[in-house]
Amino acid sequence: MRAAAPRPSLPSGQQPGGPLTALAPMQDVTDLAFMRVIAHYGAPDYFFTEFLRVHAQSRPEKHILRSIDENTTGRPVFAQLIGEDLGHLARTVDELLRHPIAGIDLNLGCPAPKVYKKNVGGGLLREPDQVDRILGHLRAAVPGLFTVKMRIGFDDTTHFDRLLDVVNAHDVDLLSVHGRTVKEMYRSEVHYDAIAHAVARARCPVLANGNVTSAPRAAAILRQTGAAGVMIGRHAIRNPWIFRQCREAFAGRPVPVISLGDVREYVDRLFHATRPADLPERLHVNKMKKYLNFVGQGVDPTGAFLHDMRRTETQAELFAVCDRHLLAEPGRAFSSEPYPGVIARPNCETPAAEAADGCSLETVTA
Ligand SMILES: Cc1cc2nc3c(=O)[nH]c(=O)nc-3n(C[C@H](O)[C@H](O)[C@H](O)COP(=O)(O)O)c2cc1C
């Protein structure tokens, strides 16, 4: 009998021996166009797709497959699944293995009530035995890399150690930990001590996730947690230079300063890259507002850019606002940290967004 082929090791990062960086999976955000825009400013080491829903009628969503098949970023893409049915998860893995994925990632964190009530995503954290079955099944189905992204618990951290032991038992290759419980949504502080606990208990490398707002913060979080790297979501929408800045900070070099003029160029690139040919102008302007909600957190401390941007309806109005706020003093620095009190409204931190869906920009209206 032939021995099974050894599993591949994790793709190496761009900074040999340095900490890893990853773009967090974000539904309605991390599609092919967005990944390409991010790569233009400095790709993370790893990309993750937004979650592919897995159930009896599901087929891998075509637009998510495009982010795998047409990936020109030069960096690997992991395909994220959300679901709990063992047979359909294995079938979906088989389908995805025909595409150039770096590995399969399982979502154990989505806090949206409509998701966790179906006992998938973050809902599964209440049932470590079921997680055990799912991880065992997926580990057997995935010949290559199998990774998990989790929160630290559902209501509290009661099951955290057991879940980490399950992760170890099934030889998970990489674990991303968002340091909040499901019930904490995006409201609370991030519990970096819990991420440090996961680093100490897990046998695989751990990526620290949650409020990694800047390269200096990333370096501090790595020191605090001992994690192998950072996973960054919303703050990469705000600042697509963040992965390059992280690499500079990790190497002890000065972090490049971004100007408002640079941000104006980013807005232009994002607008054109993410516009589907058939989307009416008004709808695309609304879609842009969802990204700009985050960008605005670094433009001015009063929130004036956000105020004006939210009132635009046409491409011309949107760019006029961008010109006024970003090109008046194009050399002025774009804040590397979000300005305190300037929030993307409604965002993942507001009850309105929670009530609808904890992790979808579709619910974020201008
Ligand atoms: C708009 C949006 C969509 C998200 N979609 C997903 C998803 O598809 N899969 C997932 O595991 N997490 C998803 N998340 C959670 C993020 O991956 C990440 O864990 C969370 O935003 C915390 O990281 P951050 O503070 O760097 O944003 C989403 C978050 C946001 C804001």
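How many residues does helix H12 have, and how far does it reach from its first C-alpha to its last? Helix H12 covers residues 281-295, which makes 15 residues, and it reaches 20 Å from end to end, close to the 21 Å expected at 1.5 Å a residue. Keep in mind as you look around that this is a predicted model.

**The overall layout**
- The protein chain is divided into two parts: domain 1 spans 20-250 and domain 2 spans 260-363.
- Taken over C-alpha atoms, the centres of domain 1 and domain 2 are 25 Å apart.

**Helix H12**
- Follow H12 along its length and you will find a kink of about 25°, centred on lysine 289.
- Lysine 289 is also one of the buried residues of H12.
- Other buried residues in H12 include Val285, Met288, Tyr291, Leu292 and Phe294.
- What do the buried residues of H12 pack against? Their partners are helix H9 (234-238), helix H11 (260-273), helix H13 (304-310) and helix H14 (315-326).

- Is strand E6 (residues 145-151) largely enclosed or open? Seven of its seven residues are buried, so the rest of the structure largely encloses it.
- Both faces of E6 are covered, with Leu145, Thr147, Lys149 and Arg151 buried on one side.
- Strand E5 (residues 103-108) pairs with E6 in the parallel sense, over six bridges.
- Within that pairing, glycine 103 stands opposite leucine 145 in E6.
- E6 is also joined to strand E7 (residues 174-178) by five bridges, and these two strands run parallel.
- Here threonine 147 has leucine 174 in E7 as its bridge partner.
- Together with helix H6 (residues 160-169), E6 and E7 make a right-handed β-α-β unit.

**Glycine 18**
- Look for glycine 18 in the segment before strand E1 (20-23).
- Is glycine 18 buried or partly exposed? Glycine 18 counts as partly exposed because it has 15 C-beta neighbours inside 10 Å, while a buried residue needs 20 or more.
- Leaving aside residues up to four places away in sequence, glycine 18 touches Gly13, Phe250 and Ala251.
- Glycine 18 and glycine 103 are 85 residues apart along the chain, and 21 Å separate their C-alpha atoms.

How values were computed. Residues numbered from 1 in each chain as written. Predicted model: local features only at pLDDT ≥ 70, side-chain atom pairs only at ≥ 80, totals over all residues. Helix = DSSP H or I, 4+ residues; strand = E, 2+ residues; numbered from the N terminus. Expected span 1.5 Å × (residues − 1). Bend = angle between axes of the 7 residues up to and from the residue. Buried ≥ 20, exposed ≤ 12 C-beta atoms within 10 Å, placed from the backbone. Contact = placed C-beta atoms within 7 Å. Pairing = 2+ DSSP bridges. Right-handed = clockwise from strand over helix to strand, strands pointing away. Domains from an automatic or database assignment.
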